[in-house]
Every structure is written in C-alpha cells, then in structure tokens.
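Here are some friendly notes to read with the model open beside you. Take the points one at a time and find each residue as you go.

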Amino acid sequence: MPIYEYRCKECGHEFEKLVRSMSDTPEIECPKCHSANCKKAISLFGTSQSRTAGNSAAACAPSG
C-alpha cells in the first residue's frame, strides 16, 4: 500500500495519505482545515547503502 504526500492549497498543510491500491482514487481532505482542495506533492525517498572505508560521497562527484 503506497503512502502519498499531499499539500493543501487552502492552508498549506502537508500530510500523508495511505492508499489501498495505486488504481484507487481516494477522496483527499486536509486533516487541518478539512478542505478538499489538495494536490499530490512531489516527494523524495531515501535509500540506505552500506559503505566501505574506500567508498565516499566524493567518489560520486564529477571530477575534472
């Protein structure tokens, strides 16, 4: 079940909504002001990687 992030266009409140399936179109309501004028927000997700001593963020940066 995916979790989507939304932003209320009325009050600016950002919140998450658990959706049962990707094809489901749930009714979205701001939990703060109860407005239905909400938009799905662009969200970033994080990943976890194990790093070794020789592996650093600098190795990912462009060089030259």
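With which side chain does the side chain of R7 make a polar contact? The partner is the side chain of E14, at 2.7 Å. A polar contact is a pair of N or O atoms within 3.5 Å; within protein, one must be able to donate a hydrogen and the other to accept it, and residues adjacent in sequence count only if both atoms are side-chain atoms.

1. Before going further, a word on the model: it is predicted, local features need pLDDT of at least 70, side-chain atom pairs count only at pLDDT 80 or more, and totals for chains, interfaces and linings use all residues. Residues are numbered from 1 along each chain as its sequence is written, and side-chain values use heavy atoms, with hydrogens and water left out.

2. Now look at the sheet. It is open, with 3 strands in the order 2-1-3 and antiparallel pairing. Strands are DSSP runs (E, at least two residues), numbered from the N terminus, and two of them pair if DSSP finds at least two bridges between them. Strand 2 (14–18) and strand 3 (38–40) are at the edges with a single partner strand each, so one side of each has no neighbour in the sheet.

3. Next, follow strand 1 (residues 3–8), which pairs with strand 2 in the antiparallel sense over 5 bridges. Opposite E5 you will find E16 of strand 2, while R7 has E14 of strand 2 opposite. The hairpin of these strands has 5 residues between them, and there G12 takes a positive phi near 85°.

4. Back to R7, which is found in strand 1. R7 counts as partly exposed because its relative accessibility is 42% (buried is under 20%, exposed over 50%, partly exposed in between, with a 1.4 Å probe and protein chains only). Leaving out residues up to four places away in sequence, R7 touches G12, H13, E14, N37, C38 and K39, where contact means heavy atoms within 4.5 Å. The C-alpha atoms of R7 and K39 are separated by 5.5 Å, although these residues are 32 apart along the chain.

5. Finally, the rings. Y6 and F15 form a stacked aromatic pair, 5.9 Å centre to centre with 20° between the planes. Rings of Phe, Tyr and Trp (its six-membered ring) pair if their centres lie within 6.5 Å; planes under 30 degrees apart count as stacked, over 60 as edge-to-face and the rest as tilted. Both Y6 and F15 are buried.

Technical notes: Helices (H or I, at least four residues) and strands (E, at least two) are DSSP runs, numbered from the N terminus.
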